[in-house]
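Hi,

Here is the structure I promised to pass on. Have a look, and then read my notes below.

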Amino acid sequence: MRIPVFMVLVILLLLLTACAPQSAAGEELPSDIRTLENKGSDTMVNLALQWAEKYQSLNPGLRISVTGGGSGTGITALANGTVDIANASRSIKSEEIEAVAARGQEPVEFVAARDAIAIIVNPNNPVDRLTMQQISDIYSGEINNWLEVGGEDRPIVTLSRETNSGTHVYFLEEVLRLGEKDNKTLFSPDTLLLPSSEGITAEVRDNPNAIGYDGLGYVTHEVKVVAVAAAPGEPYYYPSIETVNNLTYPIARDLYMYTAGQPDELEQAYLDWIMSDEGQAIVKELGFVPILSP
Amino acid sequence: MKVSWREWLEVLITSIIKVSGYSAILFVLVIFLFLMIEGLPTLGEVSLENLFGRRWYPIEDYFGLLPLLGGSLLVTLGAILVAVPFGLGTAIYIAEVAPRWAREVLKPFVEIMAGVPSVVLGFIGILVFVPRLRVLLDLPTGLTGFTGALLLGFLSIPTIVSVAEDALDAVPRSYRDAALALGATQWQTIWRVTLPAARSGVITAVMLGLGRAIGETMAVMMVTGNAPVVPGSPLALFAPLRTMTATIAAEMGEVATGSTHYHVLFFVGIVLFLISLVVNITASAVVFRQRKRAERILS
């Protein structure tokens with residue numbers, strides 16, 4: 001007796017869930033308020049929020065909801081059809097393209113801004129310049145005392161974002177492996193994987209042993225930014241709008257927005273606005289690097 | 001007609017209550033089945049050598065569970081070492097020593113303590129404990145297993161206190177009166193009579209605290225540094241480590257459904273589930289044996 005009752009409940013529940021997407025996919029929503037779901041990269045979340053806020057004030061009939069979670073999270077949501085636009089601080093991977101394709105759609109890529117990764121240390125740390133090779137060795141565990149890179153006799157504590165962060169993958173490929181495809185260098189297992197930018201900033205601020213990396217937009221005055229040289233003997237550059245745009249600062253990247261399939265009218269208008277001077281001004285305000293720089 | 005309607009209602013309500021009574025079993029079984037379906041494919045996709053490896057770096061297909069298992073066990077052990085003396089002390093004070101007014105103030109406060117969200121505790125941990133522990137213990141970083149153990153201890157204390165306090169409270173007044181009448185001091189009464197009499201409840205309290213500690217995620221993720229290092233000695237408690245729960249929480253959002261990484265995370269879930277199963281079975285076995293012995297003595 002008990003099992004049939006349960007089965008009936010399960011079937012009823014299944015029937016109920018079957019209703020949901022149907023009503024959501026209806027041709028016309030009852031109200032005239034239209035919505036855009038925007039999710040992904042934590043690096044971009046503040047930027048995306050500012051864009052959304054400004055754009056909503058210009059278009060009162062539109063609601064844009066922005067959430068973070070990481071580039072992978074955003075693209076997964078795009079593949080699952082739960083968001084309209086995914087933000088990513090790395091380009092989409094081939095298996096993610098397949099995941100979106102599994103729903104019969106092709107992801108379309110937009111470069112919405114540029115970003116540089118700043119290497120940060122404690123303000124009391126005398127080290128103020130590092131080469132890419134030195135940073136790679138520090139993170140892989142080859143170098144584990146500040147003395148070896150011209151600092152005090154202190155152990156080095158390396159801080160990184162979690163592996164689901166686009167910044168992590170970018171740092172692994174471009175810094176740890178120096179952009180070499182067949183380089184299999186890994187983060188030392190001692191590397192602390194912190195779930196947020198704030199966690200890294202807080203630890204670097206308080207701990208003179210620590211080294212961390214973070215998007216330029218998230219660097220605060222409580223930490224010290226290190227100048228980076230692409231190779232020994234080459235000049236050292238601090239990250240800034242100028243050095244990123246003239247490609248002299250070595251750790252810079254594009255920030256992407258993805259739609260599943262060609263953007264519809266609503267999405268296209270929003271993306272166009274982001275590329276406008278007004279949208280890119282916000283990019284600059286937040287410490288990222290605008291695309292259409294003079 | 002009316003009567004039969006009421007009878008019907010009664011049958012209906014009885015069966016609803018019955019179903020909800022049995023639902024606990026059903027939920028556990030369904031959860032276990034779900035974990036198995038999602039987690040067991042791991043064994044086909046990842047070699048055992050990899051699974052028992054010392055490196056966890058899933059984006060490059062390193063799925064060694066040893067650092068996660070070691071991290072979880074070490075933090076939980078540390079938490080128990082913090083929480084048991086503290087929790088039992090509080091429980092004994094509230095149940096046996098405290099004057100009535102103190103008891104009436106303390107009990108609600110312990111219950112409020114249980115309600116502190118672990119994220120809030122994590123924040124306090126990052127801002128207060130992490131920098132101070134680094135300086136105090138002269139460590140390279142304050143983001144260590146020990147910091148996590150302190151927070152977890154704090155989180156399990158309310159559980160331990162309230163269950164142990166109930167157990168101590170349930171010991172008949174006559175036991176204490178008899179002990180005191182025989183000339184035992186208050187300490188002797190507590191240590192030799194009340195506590196042993198409440199032993200099964202106290203063990204349950206410790207086990208529930210243990211379960212709370214091993215399953216906790218947020219606070220641990222924020223303060224342990226999450227470095228997947230295999231702990232080589234108990235001193236690894238004072239270095240960064242990574243727990244199973246933090247791993248699942250940090251990585252579940254990113255994985256593609258059905259990928260190897262996804263299956264391995266569920267496999268970690270199975271391991272966690274089995275550990276808490278063992279803890280619970282041990283606890284109830286201990287309680288059961290104790291009860292049998294008590295029955296033997298009484299008969």
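What follows is a short tour of how the parts meet.

This is a predicted model, in which local features need pLDDT of at least 70 and side-chain atom pairs count only at pLDDT 80 or more, while totals for chains, interfaces and linings use all residues. Residues are numbered from 1 along each chain as its sequence is written, and chains are lettered from A, with ligands numbered from 1, in the order in which they are written.

Chain A is divided into domain 1 (33-114 + 255-285) and domain 2 (115-252), with bounds from an automatic or database domain assignment. Their C-alpha centres lie 28 Å apart. Across the boundary, 15 residues of domain 1 of chain A are in contact with 13 of domain 2 of chain A (C-beta atoms, placed from the backbone, within 7 Å). On the domain 1 side, H3(A) gives the most, with three residues. That side divides into three nonpolar, eight polar and four charged residues (nonpolar: Ala, Val, Leu, Ile, Met, Phe, Trp, Tyr, Cys and Pro; charged: Asp, Glu, Lys and Arg; polar: the others, Gly among them).

Between the chains, the contact takes 30 residues from chain A and 25 from chain B. H7(A) gives the most to the chain A side, with four residues. By class, that side has 13 nonpolar, 11 polar and six charged residues.

Within chain B, helices H4 (66-97) and H7 (145-169) pack at about 40 degrees, with axes 6 Å apart (helices are DSSP runs of H or I, at least four residues, numbered from the N terminus; axes are lines fitted to C-alpha atoms over the stretch in contact, and angles run from 0 to 180 degrees between N-to-C directions). Their contact has 21 nonpolar, eight polar and three charged residues.

Best wishes

Definitions and conventions
Helices (H or I, at least four residues) and strands (E, at least two) are DSSP runs, numbered from the N terminus. Two residues are in contact if their C-beta atoms, placed from the backbone, lie within 7 Å.
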